[in-house]
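Here is a quick tour for someone meeting this structure for the first time. Have a look at it, then read on.

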Amino acid sequence: MSSHLEVIPDEDVGREREIEENLDYADPLRHLMHGADDFSDDDVPHTDATVLPAQRPSILGDTITLTFPNPVAHVGVAPIKVRLKVDASPGCGGMHWPAGQTLGNYLAWRGASALTGRTVVELGAGTGLVGFVAGALGGDVLITDQAPLLPLMRENTALNGLEDRVKVAELNWGEPLPAELQKKVDMVLAADCVYFEPAFPLLVQTLVDLVHGDTEVLFCYKKRRKADKRFFNLLKKHFTWSEVADDPARPIYNKDAISLFRLHRRH
């Protein structure tokens, strides 16, 4: 299990957790905004106090192009270009976030041999970024999120010409899995899914429902606040985890408080 994530007893977060949950319900995006970071000096350092990617003040229907993998850390790998319409109107899921780019880089570096013919599910897909990289590499991909984001995900799937490889489905964490997921899943991808504290137990339940046997789970996480430790307290009841050690970009993104984990289901 990763050594730099301190796991604390649930009883020690009691009142603080209640306060945090009430604030989260009032403003789910508060921990993603400028100046919302509450790390102490002992926590993983940031290279920049800003946690939002650079963008204009209002994002509505912009189209961006991202290239994977990172050309600095992943030398000599053929690039994959992903076009995304980004739209903040349905919420934070309509934006692209740093952990998603980190996970996309890692998949592209591993290459088609790691994805071709595999059944892949992305949780909290938002724009669909990570799923599109997986689809471009030959995976049979289902990108999932809540209903308000489905039109954006479908539009981005068509924008990248991946309709044959990437499908879109609604998935509300904690609810029974839809028909599309009533089958063996080879790989589960999740990036930037830890920010809304009331959803922590729901996300854990969905991971438990999805992951069986040799399912590979890649979970990319940007540390933003101490309360996120509660997610890992819940997660440890069902999973262990270890940092992905073979990614050449790891020293780069670790400096920005981003970690890429491989989850292992407890037996």
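## Ground rules and helix α3

A residue is called buried when its relative accessible area is under 20%, exposed when that area is over 50%, and partly exposed in between, using a 1.4 Å probe and protein chains only. Helices (H or I, at least four residues) and strands (E, at least two) are DSSP runs, numbered from the N terminus. What you see is a predicted model, where local features need pLDDT of at least 70 and side-chain atom pairs count only at pLDDT 80 or more, while totals for chains, interfaces and linings use all residues. Residues are numbered from 1 along each chain as its sequence is written, and side-chain values use heavy atoms, with hydrogens and water left out.

The buried ones are Leu129, Val130, Gly131, Phe132, Val133, Ala134 and Gly135. Just past the helix, Gly138 has a positive phi of about 105°.

Ala125 belongs to the loop that runs between β3 (119-123) and α3 (129-136). Its relative accessible area is 7%, so Ala125 is buried. Leaving aside residues up to four places away in sequence, Ala125 touches Ile143, Thr144, Asp145 and Met153; a contact here means heavy atoms within 4.5 Å.

Cys193 sits 68 residues from Ala125 in sequence, yet their C-alpha atoms are 8.9 Å apart in space. Cys193 is itself buried, because its relative accessibility is 6%.

## Helix α2

How does the span of α2 compare with what its 13 residues should give? The expected span is 1.5 Å times one less than the number of residues. For α2 (residues 98-110) that should be 18 Å, and the end C-alpha atoms are 19 Å apart, which agrees.

Several residues of α2 are buried, among them Tyr106, Leu103 and Leu107. After the helix comes Gly111, with a positive phi near 90°.

## Aromatic rings

Rings of Phe, Tyr and Trp (its six-membered ring) pair if their centres lie within 6.5 Å; planes under 30 degrees apart count as stacked, over 60 as edge-to-face and the rest as tilted. The structure holds 7 such aromatic pairs. Take Tyr221 and Phe232: their ring centres are 5.0 Å apart and their planes are at 70°, so they make an edge-to-face pair. This pair ties together distant parts of the chain, with Tyr221 in strand β7 (residues 216-222) and Phe232 in helix α6 (residues 229-235), 11 residues apart.

Elsewhere, the charged end of Arg265 sits over the ring of Phe239, 5.9 Å from its centre; the rule asks for NZ of Lys or CZ of Arg within 6 Å of the ring centre and within 35 degrees of the ring normal.

## Leu234, also in α6

Leu234 lies in helix α6 too. At a relative accessible area of 13%, Leu234 is buried. It touches Phe200, Pro201 and Val204, again not counting residues up to four places away in sequence. Gln205 is 29 residues from Leu234 along the chain, and their C-alpha atoms are separated by 9.5 Å.
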